[in-house]
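Here is a short report on one protein model. It covers confidence, fold, strand pairing, core and backbone geometry.

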Amino acid sequence: MKIFLFIVLYGVVTVFAQAPATISNCCSCEQFSEAQGKQLRGLLQEEASMLREGMQRMCPKKDNKWHKIRNITSALVCFSAKGDNPGLFTIDREGFVAAFKLVHVSGQVSCENPGCNSTVASYKSNWGCSFDHPYIGPTPLGTFITTKSKRVLFPREKFIRDKSKSTWYALPGFEPDSPFLVFHDFSNPDFFHRGQQLQLWYGEDLENVNEENNSGKTCVEVYAWYL
Ligand SMILES: [Ca+2]
Ligand SMILES: [Ca+2]
């Protein structure tokens, strides 16, 4: 803002300095004529336009850094809530990844069948369980990204409720039915090589805990943020 004011003032001073050569009888006038005022406004608008263009060149718009991971076998990555059925996806670009985004496309998963007599209609959701569940409710997210050897990459450990059994967590800003889920750790990015396989798991299925009463399948698109 200070720069803008400086340049506008500079423009006005320049106009005044140039005025005797370009505007006749300026020095003898106490007020500008209509034609002189119009010329001054034109010069100021020209200065402002040049300033705007200069600032846009100095601060170019950043590109969107989300890279969609394109699977060879299928466009969507689907994982089930039980039966050792993770979704598989393959890294198609080598580099350091600071974040993953999972965009929900179809399907839902359930952590439990509430039963006919329950007042709860369903524990289905996009990413885990439900706020209504008596135990899981406070930490209702249950979708994990792991390596091929089932080592959990995301969410980071600090978000997980029971670290000995990595099945449930809460993530600030996200709910069981959020349209997408973002995991990020820009201070500790992970390096992946092209062709490396990663997996998407339902937590109870990953840990083989209470998975018998689960059901459903969620399908997503996977995006990675490369540094
Ligand atoms: Ca269950
Ligand atoms: Ca399992």
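## Strand pairing and core

Strands S6 and S7 run antiparallel and are joined by two bridges. In this pairing, Ile-145 has Phe-154 of S7 as its bridge partner. Strands here are DSSP runs of E with at least two residues, helices are runs of H or I with at least four, and both are numbered from the N terminus. Two strands count as paired if DSSP finds at least two bridges between them.

This is a predicted model, in which local features need pLDDT of at least 70, side-chain atom pairs count only at pLDDT 80 or more, and totals for chains, interfaces and linings use all residues. Residues are numbered from 1 along each chain as its sequence is written, while chains are lettered from A and ligands numbered from 1 in the order in which they are written.

**Confidence.** The pLDDT is the predictor's confidence in each residue, from 0 to 100. Its average over the chain is 85, and 80% of the residues score at least 70. Residues 19–27 fall below 50, and this stretch has six contacts in the model beyond near neighbours in sequence. A contact means that two C-beta atoms, placed from the backbone, lie within 7 Å.

**Overall layout.** The chain holds three helices and eleven strands. Along the sequence the pattern reads α-α-β-β-β-β-β-β-β-β-β-β-α-β. Take the contacts between residues at least 6 apart in sequence: 71% of them join residues at least 24 apart. Of the 227 residues, 26% count as buried. Buried means 20 or more other C-beta atoms within 10 Å of the residue's own; exposed means 12 or fewer, and partly exposed lies in between.

**The open sheet.** S6 and S7 belong to an open sheet of four strands, in the order S3-S10-S6-S7, with antiparallel pairing. S3 and S7 stand at the edges with a single partner strand each, so one side of each has no neighbour in the sheet. On average, neighbouring strands of this sheet are turned by 35° against each other, direction ignored. The angles come from axes fitted to C-alpha atoms.

Leu-102 sits in S4. It is buried, because 24 C-beta neighbours lie inside 10 Å. Leaving out residues up to four places away in sequence, Leu-102 touches Thr-143, Phe-180, Leu-181, Val-220 and Val-222. The C-alpha atoms of Leu-102 and Tyr-223 are separated by 6.4 Å, although these residues are 121 apart along the chain.

**The core.** The largest nonpolar core has 33 residues. Such a core is a set of buried Ala, Val, Leu, Ile, Met, Phe, Trp, Tyr and Cys residues joined through C-beta atoms within 7 Å. Those with the most contacts inside it are Phe-100, Leu-141, Ile-145, Leu-200, Trp-201, Tyr-202 and Val-222. The elements that give two or more residues to this core are S2, S4, S6, S8, S10 and S11. In soluble globular proteins, nonpolar side chains tend to be buried together. What does Ile-145 touch, not counting residues up to four places away in sequence? Its contacts are Phe-100, Leu-153, Phe-154, Phe-183, Leu-198 and Leu-200.

**Backbone geometry.** Phe-154 is also joined to Pro-155 by a cis peptide bond, with omega about 5°.

Asp-84 is not a glycine, yet has a positive phi of about 50°. Its place is the loop between S2 (77–80) and S3 (87–90). Is Asp-84 buried or exposed? Asp-84 is exposed, because 10 other C-beta atoms lie within 10 Å.

Asn-210, also not a glycine, has a positive phi of about 50°. Asn-210 is partly exposed, with 17 other C-beta atoms within 10 Å.

Definitions and conventions
Axes are lines fitted to C-alpha atoms, for helices over the stretch in contact, and angles run from 0 to 180 degrees between N-to-C directions.
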